[in-house]
2 protein chains.
Amino acid sequence: MTAPLIDNLQYANWSEKVFRQLRAGRVDAIHVTIAYHEGFREMVLNLEAWNRWFERYPSLIFKGTEAADVTRAQDTGRTAVFFGFQNPSPIEDDIGLVEIVHQLGVRFMQLTYNNQSLLATGCYEDEDTGLTRMGRAVVAEMNRVGLVIDMSHSAERSTLDTIEHSTRPIAITHANPDWWHPALRNKSDQVLRSLTNAGGMLGFSLYPHHLAGGSQCTLSDFCEMIAEAASRYGAENLGIGSDLCQDQPDSIVEWMRTGRWSKEVDYGEGSASAPGFPPMPDWFRDNRDWPNIRDGLRDAGFSRDETEGLLGGNWLRFYAQSFGPA
Amino acid sequence: MTAPLIDNLQYANWSEKVFRQLRAGRVDAIHVTIAYHEGFREMVLNLEAWNRWFERYPSLIFKGTEAADVTRAQDTGRTAVFFGFQNPSPIEDDIGLVEIVHQLGVRFMQLTYNNQSLLATGCYEDEDTGLTRMGRAVVAEMNRVGLVIDMSHSAERSTLDTIEHSTRPIAITHANPDWWHPALRNKSDQVLRSLTNAGGMLGFSLYPHHLAGGSQCTLSDFCEMIAEAASRYGAENLGIGSDLCQDQPDSIVEWMRTGRWSKEVDYGEGSASAPGFPPMPDWFRDNRDWPNIRDGLRDAGFSRDETEGLLGGNWLRFYAQSFGPA
């Protein structure tokens, strides 16, 4: 069996068209965001919408909950869809909901989006207080049931605290090193060393605000950055989390940034002059462009095995270690 | 492997004491009620409480979701706990919640408690309008995902409608024939013939208001009633759903009867002079008394195989047919 192709973060405006493009690009598994600011019941409505898609397109997609589902996807020519939250809002103030959402099939949860949460501090806050009391309790519970901690949007100290407090490897599913492109959402060398030393995974983002040069970033620049990261952190701890937000209207990026927490406009990584989704690089417009990434990685000097690991083999190993009870 | 012992309806005030009595009585599986009038989020709180019990008493109990779990319970000397609702209130007005509650492990749902619901009519209403529009849609969805329809508290026409409309066998988990004891909650010969002709299951209740003679009903009277039912409906379609409400305070029977639907007192099967839980018959006080039922069935003339079927083998066959997708 060849290594699978796994994209560990997407948030498309889902449709039959997108599902068919996933198949055209031979994507075996994706981790999709099903909550940004939703409470528990609202998140369940999003699960219900996914159940409808699974019922309607059983030859294209199915719900993934364990590593074996990735292999099943390869065997049956479909895409396994794994669920995650970019904010702990769906568990409200109730630690019992950690196990409930795991039973519903959720496999990743960020401890914060951009703001302070009940659990930790987001990367846009002025002050970073680290893990809260509830944060420490929820990390232990996530470790127990097999819900992966994702710190993609969290602040530095909170992330380091969590790597230390967690008894299992964690993930940064979609971000890049800040030594390549200094952005609030990109990660320090110290965070990435701590993450990967503890067995954690980094997924490289293709969201233009996370790229050196933005939408104009070249494929070779992106892949050379990955080569440098591999030399620092080990290629086996790296994968892709493209953050592809295909076909979304700009109202969605407004929802991501502002939710219901403010009456003011917050431009996040954008600006008043460019408030919407930035255009994707022309070498990664949608899921049909994965062959470009594969070629770019080989051109950057990665072996065939390393390339297959970066494109999914490493995430598969992490899934197998992470999704079951401790 | 000998047949398992399955009680297909209990609602105890759960405690380590009750779990140990289940083991003392060698009960391999129970179906427990986790909602009477709860909305979705309240029902999830009840699931969370059960998750705590499973975490605390792993050597006594575990969550059951498929027939194989009954065998696993036998193999490991524990009791598998299956979940059900006595009212469709947890799915609110949202058909998408049918699959969600099945994904959370729920395996039985009554279409009504005693009153009219969004789906059908309860046995205490003056008028029985049969399945509603949403009722027909929900029956089809329950059939699709493998959530068993339970009509224990439903009215005659609604029950007959549902047996006809359902493409899979349904259950009356806890009731007795009204030719033995005429009570609103007991079932007509026509209902029981239709139910069992369609492959459905009847679980005999030990709740005193459902027994001829009430708390004074004798074991031989109860078992002779079962023998008569077996001659009419086939022993293979019969089991037990004791409705044991052990250690519950009377405030719980008030909640069952009145929920939040009325500001008046409703005595249900009780009365102003006897509003609380009636005492159980002295031959079935708790889960340690199952050997009495086994002896009573043999004394009423059932063969060893028939007795094992009545005490769990028949429910196990029904579980195997019912809990998966259509």
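Author: Let us begin with contact, since two residues are in contact if their C-beta atoms, placed from the backbone, lie within 7 Å. Please keep in mind that this is a predicted model.

Reader: Which residues does Leu238(A) touch, not counting those up to four places away in sequence?

Author: By that cut-off of 7 Å, Leu238(A) touches Leu202(A), Phe204(A), Ile226(A), Ala229(A), Ala230(A), Tyr233(A), Leu310(A) and Asn314(A).

Reader: What makes Leu238(A) stand out in the largest nonpolar core?

Author: That core has 178 residues, and Leu238(A) is one of the four that touch the most other members, together with Ile226(A), Ile226(B) and Leu238(B).

Reader: How do you know whether the radius of gyration of chain A agrees with that of a compact globule?

Author: A compact globule with 326 residues would have a radius of gyration near 20 Å, and because chain A has 18 Å, the value agrees. Along its principal axes, the C-alpha trace of chain A spans about 45 × 40 × 40 Å.

Reader: What percentage of the residues of chain A count as buried?

Author: A residue is buried if 20 or more other C-beta atoms lie within 10 Å of its own, and by that test 50% of the 326 residues of chain A count as buried.

Reader: How many residues does each chain bring to the contact between chains A and B?

Author: The contact takes 12 residues from chain B and 12 residues from chain A. On the side of chain B that touches chain A, H2(B) gives the most, with 6 residues, and the residues of that side divide into 5 nonpolar, 4 polar and 3 charged.

Key:
Residues are numbered from 1 along each chain as its sequence is written. Chains are lettered from A and ligands numbered from 1 in the order in which they are written. This is a predicted model: local features need pLDDT of at least 70, side-chain atom pairs count only at pLDDT 80 or more; totals for chains, interfaces and linings use all residues. A nonpolar core is a set of buried Ala, Val, Leu, Ile, Met, Phe, Trp, Tyr and Cys residues joined through C-beta atoms within 7 Å. A residue is buried if 20 or more other C-beta atoms lie within 10 Å of its own, exposed if 12 or fewer, and partly exposed in between; C-beta atoms are placed from the backbone. The radius of gyration is taken over C-alpha atoms; the globule rule is 2.2 Å times the number of residues to the power 0.38. Helices (H or I, at least four residues) and strands (E, at least two) are DSSP runs, numbered from the N terminus. Ala, Val, Leu, Ile, Met, Phe, Trp, Tyr, Cys and Pro count as nonpolar, Asp, Glu, Lys and Arg as charged, and the others, Gly among them, as polar.
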